[in-house]
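This briefing goes with the sequence and the model that follow, and it is arranged by topic so that each point can be checked against the coordinates on screen.

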Amino acid sequence: RLLKKNIYLITPNTLNKSFYYFLPKLLKTKRIRYLQIRLKKLSKKKLVQEIKKIKKIVNKKTKIIINDFPEIASLLNCDGCHLGQKDKEISLVKKKFKTLKIVGVTCHNSKKIALSSVKKGASYVAFGSFYKTSTKKTKFNATVALLRWAKDKIKVPVVAIGGINEHNYQPLLKNGANLIACSSFVWKNKKYNPLQALNRLK
């Protein structure tokens, strides 16, 4: 059975030897549509170094998305960037950084933000958190009802994020999520290594 390319993989907060060992193996599964480089703790100089390193590993079929920094994404000729609600306005980013093919937006659990983001040119919208997550503190809770609404109203891909694992991902895909975002389940799993964890999301 062919597995769908429905994984939106987010890097762990720190990149170690294990990350660089497993990343090529994860990419070989051909499941990962987007790889978001999310490294909040690094200086911009160090972030640029890590992105360059990752770019050498990732093939063109997986799109590289930089979290927060459209200017770095554009400078390094990455596929796109991901904007949170506290980041730059999407329309300004699209106007200023024309080389970015993909601009995704965090919409929390808001229909209003999602509709507005699409109107302004978002390439995809991300809803969450659907479940409890250890990756970041969450103030917003999203539901499968929101995904059903988005399936009807949103004409760009919908990403579900937050605490997704092997036991809870299927209702999200069945109710309208085009992609499931994973970080801790893959990189910090105490039961499986990253490749085994990814393969649990069939």
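In this predicted model, the largest nonpolar core comprises 60 residues, and those with the most contacts inside it are L9, I37, I51, I54, F127, I154 and L172. Helix 1, which covers residues 17-28, gives the most to this core, contributing six residues. Apart from it lies another core, of ten residues, which includes Y8, Y34, I65 and L179.

**Contacts of a core residue**
- When neighbours within four places in sequence are left aside, I54 is in contact with L15, F19, Y20, L23, L35 and I37.
- I37, one of these partners of I54, is itself listed among the residues with the most contacts inside the largest nonpolar core.

- Eight strands close into a barrel in the order 1-2-3-4-5-6-7-8, and their pairing is parallel.
- On average, and with direction ignored, neighbouring strands of this sheet are turned by 25° against each other.
- Strand 1 (residues 7-10) and strand 8 (residues 179-182) run parallel and are joined by three bridges, and within this pairing L9 stands opposite C182 of strand 8.

**Helices against the sheet**
- Helix 5 (residues 111-119) packs on the sheet, where it touches strand 5 (102-108) and strand 6 (124-128), and its direction makes about 165° with that of strand 5.
- Helix 6 (residues 144-153) lies across strand 5, strand 6 and strand 7 (158-161), and it runs at about 165° to strand 6.

**Helix 5 with helix 6**
- These two helices, helix 5 and helix 6, pack at an angle of about 25°, with their axes 11 Å apart.
- Since angles under 35 degrees count as roughly parallel, helix 5 and helix 6 are therefore roughly parallel to each other.
- The crossing in which helix 5 passes helix 6 is right-handed, and the contact is made by K111, A114 and L115 of helix 5 together with L146, W149 and K153 of helix 6.

**A loop lysine, K101**
- K101 lies in the loop between helix 4 (90-96) and strand 5.
- Because exposed means over 50% relative accessible area, K101, with a value of 62%, is classed as exposed.
- K101 and C81 are 20 residues apart along the chain, and their C-alpha atoms are separated by 8.8 Å.

Note on methods:
Residues are numbered from 1 along each chain as its sequence is written. This is a predicted model: local features need pLDDT of at least 70, side-chain atom pairs count only at pLDDT 80 or more; totals for chains, interfaces and linings use all residues. Side-chain values use heavy atoms; hydrogens and water are left out. A nonpolar core is a set of buried Ala, Val, Leu, Ile, Met, Phe, Trp, Tyr and Cys residues joined through side-chain atoms within 4.5 Å. Buried means under 20% relative accessible area, exposed over 50%, partly exposed in between (1.4 Å probe, protein chains only). Helices (H or I, at least four residues) and strands (E, at least two) are DSSP runs, numbered from the N terminus. Contact means heavy atoms within 4.5 Å. Two strands pair if DSSP finds at least two bridges between them. Axes are lines fitted to C-alpha atoms, for helices over the stretch in contact, and angles run from 0 to 180 degrees between N-to-C directions. Angles under 35 degrees count as roughly parallel, over 145 as roughly antiparallel, 65 to 115 as roughly perpendicular and the rest as oblique. A crossing is left-handed if the near helix is turned anticlockwise from the far one by less than a right angle, and right-handed if clockwise.
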